[in-house]
Amino acid sequence: MSHYISITDRDRQAMLEAIGAAAVEDLFAVVPTSVRFPTLDLPAALSEAEAASELRRLSSKNADVLTNACFLGAGAYHHFIPAAVDSILRRSEFYTAYTPYQPELAQGTLQAIFEYQSLMSGLMQMDAVNASHYDGATALAEGAIMALNSTRNRRKIVVAPSVNPQYRAVLRTYTQGLGVSIVGDERPEASLADVVALVDDKTACLIVQSPDFFGTLHDLKPVAEQVHAAGALLLMATNPVALGLFQTPGAVGADIAVAEGQPLGIPLSFGGPYLGIFACTEKLVRKMPGRLAGATTDLNGQLGYVLTLQTREQHIRREKATSNICTNQGLMALAATVHMALLGRQGLRQVAEICYHRAHYAAAEINKLDGYEVLSFGPFFHEFVVRCPAPAAEINRALEFASIIGGYDLSADYPHLGNAMLFCVTEMNTPADINRLVATLKG
Amino acid sequence: MNTYEPPIFELSGSGKVGASLPAVGVPTSELPSELLRTDDLQGLPELSETEVVRHFTRISQRNFCIDTGMYPLGSCTMKYNPKIHEEAARLPGFAHIHPLQDEASVQGALRLSYELQQLLAEIAGFDEVCLQPAAGAQGEFAGILVFRAYHLDRGDEQRDEVLCPNSAHGTNPATAAMVGFKVIEIATDARGNVDLADLRAKVGPRTAGLMLTNPNTLGLFDEHVQEVAQIVHDAGGLMYGDGANFNAILGIVRPGDVGFDFMHYNLHKTFTTPHGGGGPGCGAVGCKAFLAPYLPGPIIHHENGQYTRYVPEKSIGRVKSFMGNFGMFVRAYTYIRMLGAAGLREISENAVLNANYLRVKLQDVYPVAYDRPCMHEVVLQGKLKDAPDIHTLDIAKRLIDFGFHPPTVYFPISVAEAIMIEPTETESKQNLDAFIAAMRQIAHEAVETPEVLHAAPTTTPVRRLDEVGAARKPVLKYDRAAIAALRGQAASTDDQIVRPTY
């Protein structure tokens, strides 16, 4: 018997007697005999030490960003995570609990969600934030569905080509059965103005990203005005780290704001688990998907927290729910909460500043190299596009020999840019790393 | 011990920082002034690391969790989460690799993912597995999109209905609606199975498929599952398996062998990746070969010792960024590798044994919804003799005072006053006996001292909470005035609120 099971042979005997079964196998008599008890062709069981060794072996076959300098971003970012974040995450009280259906036994989780909603709302300057989506891409797709459900007779979604290509792909996956048209990103070189011009009285929402996939920052205030004048909603995707320094969705007048929360205290982990941040205006709260915690009081008048406005959700409304989401990314929201609390008002700004200045330093140095050109699309945060003298894949292979994980190859998604690569610089890239990158590119 | 902890904003003090950051270290560049944020981040607090750690540690102590006690939340499979999994997922070659790195630099991670695909396919009897969906509901969403794509690809365009038994999880009808299908509810028969007559009446040329949880949410293995599949297939529909209850049948029966075409696995249930207070999960999906071309991607492929990613030719597209919740893959992989085939079967045998033991020890007091042997969970009813004013909610709240997390209550909605108990295989007989004793004591109290049940719980950090008030006047973020009003105080205008003592 495995070491996770607490029933002895003697217990089992007594329990079977109580049940009136001769053997455990008898409990499965309802399963058709022809398919009952299949032989599973699985590898032999490992002891814990053997398993740990096997896992270490597999782990060692990957080039990690701790031992290599990483200049890759494009939707997932290598940031500093204070040790205290994981220390809180590893508390059993948080990670071995589930959705707080019984609030009296889950005040820890509920208060943490409430504080997540509060901190994130402060960071984004948005009225309401839910208790999380799977990632930035699914938050964006559900935001678009919310826009469709919050407007009348508007079945068109306009999306800029500078929105993360994976987000746009997920948007199309999510809406393929809903009879909507998605326009705006047919030409990868279309400008923001080109895209805004497509917003009309059939448009549910305009989806833009700032900083966008290329790292470029946009002034979205005039865009919000134009979108609202057409009776549509503005869905803004953003990067929470940039918000330490730059215009927030709330300040520009976005109706719905989404972001990938991974940069806030969550390790890269090969793409997940991450955190979908989802925020909206107060007007839209009752159309919002996902869970929400609210403050209330108990019988004795003590402050407490509960899940609230649950009539939006699938376990109550079934096919009339605002979304099918149930399990979310709760623990990742906790990571972001602890991370934001640790960095606080000053730290959030400071991280954004370090990213900005180091990225600009790196861009300026790379731009000096023969054959390399930083393409200018306007002000940028911590990512920038470099046109290279050779295909990005070749350059990245050369960087690999110098223990550098290079930038994102843009040639598949944006062929019009030529041999272009998207570099990302964060506070984890030391000035020495940046100089080494520049020297290696120089060759 | 009083564990009350004020909202974190009330601990803030101007000038404190809780993280140690490097200097900029390079010449600074000009900032685009017109794009800057102008509020100086006034909505964010300032605390030291000490304060942040104490705050979250203190609030953590206001939680009940698997590591503190039995958590028999039906349909959620709250079993023990092995500690080795947490170590494995945090190895640097797993936790600190970028999802867009060159494939050659992440062969170990791709290999683990590939092997997990193979293991899951074998365990449930499918040909292909995609690990991308982040949760059960997203697995369902992927599956129903695949059904849609399959029918459309065959030019079968009139199939706009999805059938769901009335005992289904809410996510099933919500998923079908989200894809754009009409939801048709199927009745349950007197033995807790899909009602075959109702199914035959409702299935037809408009049926895209049936979503079935088996064992179902009544904790029962459908006695005609193969016949159900036959009826649906004969009408040209497909069989979706909701794997929420897969913990009952590991090594007992493979869903792929009884007629399911597609299924999602809940790695956070069956394969014990931690529930995290709500997530993350992983809703990997498996299917028969004829549906594999429509799966979301990427999927991992292995050839000549190299692991690569590919997207199936007629894929519905990606359902989330990157490959999915990889950290959960590592945990589930570790679990399966340590248990092997015999260990997996033991899981289900003990899970089913434990649930049936509770059933026979409680059914004389709490009516069972369906009187036949159950699988990994048993559904009772909170309808007690001579206690007309006592409801399932009171019983659940009183259980808390006995040190147990309540079972799932009022679900399935097809059973009045439902109490859905899933003990899982990791509970000891000693704990089960204590739970039985508590339930029987509560039944006794319900008649003798019902006020005790109405007042429960009394041993928790807070008493019953005003949920109606919370929904009527939602306070969804910290607002000093709103919080002060809840506390029955006047809103303080001071910058610093006096910290409560404990």
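Guide: Buried area is the accessible area, taken with a 1.4 Å probe, that two parts lose on being put together, summed over both. The structure discussed here is a predicted model.

Visitor: How is chain A divided into domains, and how many Å separate the centres of domain 1 of chain A and domain 2 of chain A?

Guide: The domain assignment gives domain 1 of chain A as two segments, 69-80 and 345-442, while domain 2 of chain A covers 83-339. Taken over C-alpha atoms, the separation of the two centres is 27 Å.

Visitor: How much area is buried between domain 1 of chain A and domain 2 of chain A, and which residues of domain 1 lose the most area to domain 2?

Guide: The area buried between domain 1 of chain A and domain 2 of chain A is about 2200 Å², and carbon and sulfur atoms give 69% of this area. On the side of domain 1 of chain A, three residues together account for 27% of what that side buries, and these residues, which lose the most area to domain 2 of chain A, are Leu348(A), Phe381(A) and Tyr414(A).

Visitor: How many salt bridges and how many residue pairs in polar contact are counted between domain 1 of chain A and domain 2 of chain A, and which element gives the most residues to the side of domain 1?

Guide: Between domain 1 of chain A and domain 2 of chain A the salt-bridge count is zero, whereas five residue pairs are found in polar contact across this interface, both residues being at pLDDT 80 or more. Helix H12 (330-367) and strand S12 (383-387) of chain A each supply at least two residues of the side of domain 1 of chain A that touches domain 2 of chain A. With six residues, the element that gives the most to that side is H12(A).

Visitor: What area do chain B and chain A bury between them?

Guide: The contact involves 204 residues of chain B and 187 residues of chain A. Carbon and sulfur atoms carry 64% of the area that chain B and chain A bury between them, and this area is about 16800 Å².

Visitor: How many salt bridges and polar contacts cross the interface of chain B and chain A, and which helix supplies the largest share of the side of chain B?

Guide: The rule finds seven salt bridges across the interface of chain B and chain A, and Asp135(A) and Lys320(B) meet through their side chains in a salt bridge with an N to O distance of 3.3 Å. Across this interface there are also 88 residue pairs in polar contact, both residues at pLDDT 80 or more. On the side of chain B that touches chain A, the largest share is 27 residues, and these come from residues 326-362 of chain B, which form helix H9.

Visitor: Is Thr281(A) buried or exposed?

Guide: Thr281(A) is found in the loop between strand S8 (276-280) and strand S9 (293-297) of chain A. Leaving aside neighbours within four places in sequence, Thr281(A) is in contact with Met126(A), Asp127(A), Ala254(A) and Asp255(A). The relative accessible area of Thr281(A) is 19%, and because a residue under 20% counts as buried, Thr281(A) is classed as buried.

Visitor: What percentage of the residues of chain A count as buried?

Guide: Chain A comes to 14 helices and 15 strands, and its C-alpha atoms fill a box of roughly 80 × 55 × 50 Å along the principal axes. Of the 443 residues of chain A, the share that counts as buried is 67%.

Note on methods
Residues numbered from 1 in each chain as written. Chains lettered and ligands numbered in written order. Predicted model: local features only at pLDDT ≥ 70, side-chain atom pairs only at ≥ 80, totals over all residues. Heavy atoms only, no water. Domains from an automatic or database assignment. Salt bridge = Lys/Arg side-chain N within 4 Å of Asp/Glu carboxyl O. Polar contact = N/O pair within 3.5 Å; in protein donor to acceptor, adjacent residues only side chain to side chain. Helix = DSSP H or I, 4+ residues; strand = E, 2+ residues; numbered from the N terminus. Contact = heavy atoms within 4.5 Å. Buried < 20%, exposed > 50% of the residue type's maximum accessible area, 1.4 Å probe, protein only.
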